[in-house]
Amino acid sequence: MDYTTEAILEGISMSNNDVLNYIYKKFFPSIRNFIENNNGNEEDARDLFQEAIIVIYRKMKKEPLVLNCNFKTYVYSICRLLWLKQLEKRKNSNEISSEAILDNRLDEATETYDQTERYRLYQKHFKLLGSDCKKVLQLTLEKVSLKEISEIMGYKSEKYAKKKKYQCKQALMESIKSDNEFKEVYDE
């Protein structure tokens with residue numbers, strides 16, 4: 001069973017074991033990979049993940065928590081920032097970050113993560129397009145005019161180039177939207 005972001009937040013606030021187990025199973029593996037790839041181990045990852053859930057719980061007890069991203073993005077961002085704080089602490093042997101700094105950096109990290117995930121999803125489906133569509137969309141991104149696109153591609157008119165560009169964009173968007181990851185990446 002998948003929980004919505006709202007159900008996850010409610011489950012955390014109520015200390016619902018089913019929701020907490022779901023969060024751990026669903027989101028911990030990516031956090032563990034991040035920590036292990038950045039000078040940490042599984043024990044570090046477990047401690048950090050638990051700390052992130054506690055941070056979320058405390059924030060919700062202070063005031064209602066309204067996310068402008070999906071839960072995966074939010075918990076990943078918190079874990080990332082907590083890990084960076086931990087690495088700074090290890091390096092400097094003193095605590096230089098506070099929860100206020102964590103809050104300020106969270107929005108920036110969340111946005112960066114969202115952009116990275118969206119770009120990865122876009123790239124995945126762009127690679128699946130036919131070579132003509134890839135070329136037309138690449139030329140469009142390079143701000144090449146429709147007239148030049150029709151000449152480069154050997155199309156009979158600008159009108160056909162415009163139609164082809166539209167069809168390729170539609171095919172790309174439909175491919176992305178049909179991906180199971182789409183809802184997670186664009187769930188806001």
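**Entry: α6 against α8**

I began with two helices of this predicted model, and I found that the axes of helix α6 (residues 131–141) and helix α8 (residues 158–177) come within 9 Å and cross at roughly 105 degrees. I then looked up who makes the contact: on the α6 side I noted Asp-132, Cys-133, Val-136, Leu-137 and Thr-140, and on the α8 side Lys-164, Lys-165, Cys-168, Lys-169 and Leu-172. Sorted by class, the residues of this contact are five nonpolar, one polar and four charged.

**Entry: α7 against α8**

Next I turned to helix α7 (residues 146–153), whose axis comes within 8 Å of that of α8, with a crossing of roughly 90 degrees. I therefore wrote down α7 and α8 as roughly perpendicular to each other. From α7, the contact is made by Leu-146, Lys-147, Ile-149 and Ser-150, while α8 brings Glu-158, Ala-161, Lys-162 and Lys-165. By class, I recorded three nonpolar, one polar and four charged residues for the contact of α7 with α8. Going back over my two lists, I saw that Lys-165 of α8 is named in the contact with α6 and also in the contact with α7.

**Entry: loop residues with positive phi**

Which loop holds Lys-143? I located Lys-143 in the loop between α6 and α7, where its phi is near 65 degrees, a positive value in a residue other than glycine. Lys-143 is exposed, since its relative accessible area is 74% and the cut-off for that word is over 50%.

I also looked at Asn-39, which is found in the loop between α2 and α3 and has a positive phi of about 65 degrees although it is not a glycine. With a relative accessible area of 67%, Asn-39 is exposed.

**Entry: Asn-70**

Is Asn-70 buried or exposed? I had placed this residue in the loop between α3 (42–62) and α4 (71–92), and its relative accessible area of 5% means that Asn-70 is buried, as the cut-off is under 20%. I then checked the surroundings of its side chain, and found that a polar atom there lies 2.7 Å from the backbone nitrogen of Thr-73.

**Entry: the chain as a whole**

Stepping back, I counted nine helices and zero strands in the chain, so that my sketch of its elements from the N terminus on reads α-α-α-α-α-α-α-α-α; each helix is numbered from that end. Of the 188 residues in the chain, 35% are buried. Among the contacts with a separation of 6 or more, 59% are between residues 24 or more positions apart.

Last, I looked up the confidence of the prediction, and noted a mean pLDDT of 81 for the chain, with 83% of its residues at 70 or more. Where is confidence lowest in the chain? I found the lowest mean, 64, in helix α5 (residues 99–126), whereas helix α2 (residues 17–36) has the highest, 91. Over residues 94–100 the pLDDT stays under 50, and for this stretch the model has nine contacts beyond four places in sequence.

Notes. Residues numbered from 1 in each chain as written. Predicted model: local features only at pLDDT ≥ 70, side-chain atom pairs only at ≥ 80, totals over all residues. Heavy atoms only, no water. Axes fitted to C-alpha atoms, helices over the stretch in contact; angles between N-to-C directions. Helix = DSSP H or I, 4+ residues; strand = E, 2+ residues; numbered from the N terminus. Contact = heavy atoms within 4.5 Å. Nonpolar A, V, L, I, M, F, W, Y, C, P; charged D, E, K, R; others polar. pLDDT = per-residue confidence, 0-100. Buried < 20%, exposed > 50% of the residue type's maximum accessible area, 1.4 Å probe, protein only. Polar contact = N/O pair within 3.5 Å; in protein donor to acceptor, adjacent residues only side chain to side chain. Parallel < 35°, antiparallel > 145°, perpendicular 65-115°, else oblique.
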